[in-house]
Amino acid sequence: MIAVDALSYRYDDELVLDEISVTLDEEWVVLTGPNGSGKTTLVRQFNGLLEPDSGVVRVDDTPVQDDPVAARTAVGMVFQSPRSQFVAATVGADVAFGPENLGLDHDEIDRRVQAALTAVNLDGREDDRIETLSGGERARLAIAGALAMEPDHLVLDEPFTGLDWPAQQSVLGHLDTLSAEGVGVVVVTHDLRDMRSRADRVIGLRDGQIAFDLPPGAAGDRLSDIDVRVPAGW
Ligand code: ADP
């Protein structure tokens with residue numbers, strides 16, 4: 001569980017998050033809102049990439065700042081631009097990096113790398129150089145890197161940007177599987193196509209505050225309040 005309590009955050013003089021309180025269980029949550037509403041700044045606090053100016057984020061009841069390693073283990077992050085998140089030259093080495101840093105033994109690292117690559121249909125590609133992968137393959141590799149940490153929550157910031165339709169559907173299919181296995185999925189996106197039937201909750205952010213937190217059906221009427229396009233057929 002990720003529990004955000006009265007979280008505020010500033011960049012210089014700009015108040016970007018204004019006393020946000022919200023709790024996320026192992027469910028499928030869509031976090032949406034216009035550009036600049038604070039979505040990325042909020043999710044980066046879930047595993048300690050940013051520290052609140054005031055308020056606290058707890059992961060499984062422990063404040064993130066008290067145990068950042070536990071938070072990073074429990075909450076996996078996949079960023080909008082996966083290129084910047086790769087740390088190795090090859091597929092297998094990149095996915096192994098996180099588990100290696102947890103100090104796991106070799107057999108366990110191998111097991112996790114295989115499971116994560118299989119989950120995103122990149123098994124057998126361990127020795128491929130990342131620079132040779134397509135955009136969709138890189139997006140799936142970024143997810144595999146997060147999966148290898150065996151997180152309780154997976155947070156994906158604009159995961160569909162730059163992906164063609166088949167790659168989007170492939171990523172969504174993998175997220176469906178994870179969700180069915182009980183992993184919490186948080187998708188940060190302003191593109192709500194394909195989300196209605198999947199999300200348990202849609203949280204709308206505007207000017208650093210939560211404008212609404214509703215099941216998808218009820219959220220539909222509120223999307224235009226925060227300048228998010230309502231997909232056809234919502
Ligand atoms: P969103 O993800 O909803 O687009 P962000 O969290 O990226 O919103 O940004 C919220 C606000 O914080 C915006 O006004 C943005 O300009 C500002 N901001 C984001 N990152 C930085 C940064 N590194 N330095 C200064 N301001 C930033």
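Reader: Which element gives the most to the lining of the largest pocket?

Author: This is a predicted model, in which local features need pLDDT of at least 70 and side-chain atom pairs count only at pLDDT 80 or more, while totals for chains, interfaces and linings use all residues. Residues are numbered from 1 along each chain as its sequence is written, and side-chain values use heavy atoms, with hydrogens and water left out. Helices (H or I, at least four residues) and strands (E, at least two) are DSSP runs numbered from the N terminus, and among those that each supply at least two residues of the pocket lining are helix 2 (68-74), strand 6 (75-78) and helix 5 (135-147). The greatest contribution, five residues, comes from helix 3.

Reader: What is the volume of the largest pocket?

Author: On a 1 Å grid over the protein atoms alone, a pocket is an open set of points with protein on both sides within 12 Å along at least five of seven lines, a cavity is a set where a 1.4 Å probe fits but cannot get out, and lining residues have an atom within 4 Å of a point. Grid points are joined across faces, edges and corners, and a volume is the space filled by probe spheres set on the points. For the largest pocket that volume is about 600 Å³.

Reader: Which of the lining residues are the closest to the centre of the largest pocket?

Author: The lining divides into 14 nonpolar, eight polar and two charged residues, where Ala, Val, Leu, Ile, Met, Phe, Trp, Tyr, Cys and Pro count as nonpolar, Asp, Glu, Lys and Arg as charged, and the others, Gly among them, as polar. Of the 24 lining residues, those closest to the centre are Gln-85, Phe-97, Gly-98, Gly-145 and Met-149.

Reader: How do helix 3 and helix 4 lie to each other, oblique or roughly parallel?

Author: Axes are lines fitted to C-alpha atoms, for helices over the stretch in contact, and angles run from 0 to 180 degrees between N-to-C directions. The axes of helix 3 (residues 91-101) and helix 4 (residues 106-119) come within 9 Å and cross at roughly 125°. Angles under 35 degrees count as roughly parallel, over 145 as roughly antiparallel, 65 to 115 as roughly perpendicular and the rest as oblique. Helix 3 and helix 4 are therefore oblique.

Reader: Which residues of helix 5 make the contact with helix 4?

Author: The axes of helix 4 and helix 5 come within 8 Å and cross at roughly 140°. Contact means heavy atoms within 4.5 Å, and the residues of this one divide into six nonpolar, no polar and no charged. Helix 4 brings Ala-116, Leu-117 and Ala-119, and helix 5 brings Leu-141, Ala-144 and Leu-147.

Reader: How do helix 5 and helix 6 lie to each other, roughly parallel or oblique?

Author: Gly-136, Arg-140, Ile-143 and Leu-147 in helix 5 meet Ala-167, Ser-170, Val-171 and Leu-178 in helix 6. The axes of helix 5 and helix 6 (residues 165-180) are 9 Å apart and pack at an angle of about 20°. The two helices are therefore roughly parallel.

Reader: How much space lies in the largest cavity?

Author: The structure holds one cavity of 30 Å³ or more. Its lining consists of Val-22, Leu-24, Val-29, Leu-31, Leu-42, Phe-46, Val-186, Ile-203 and Ile-210, which divide into nine nonpolar, no polar and no charged residues. The space in the largest cavity is about 40 Å³.
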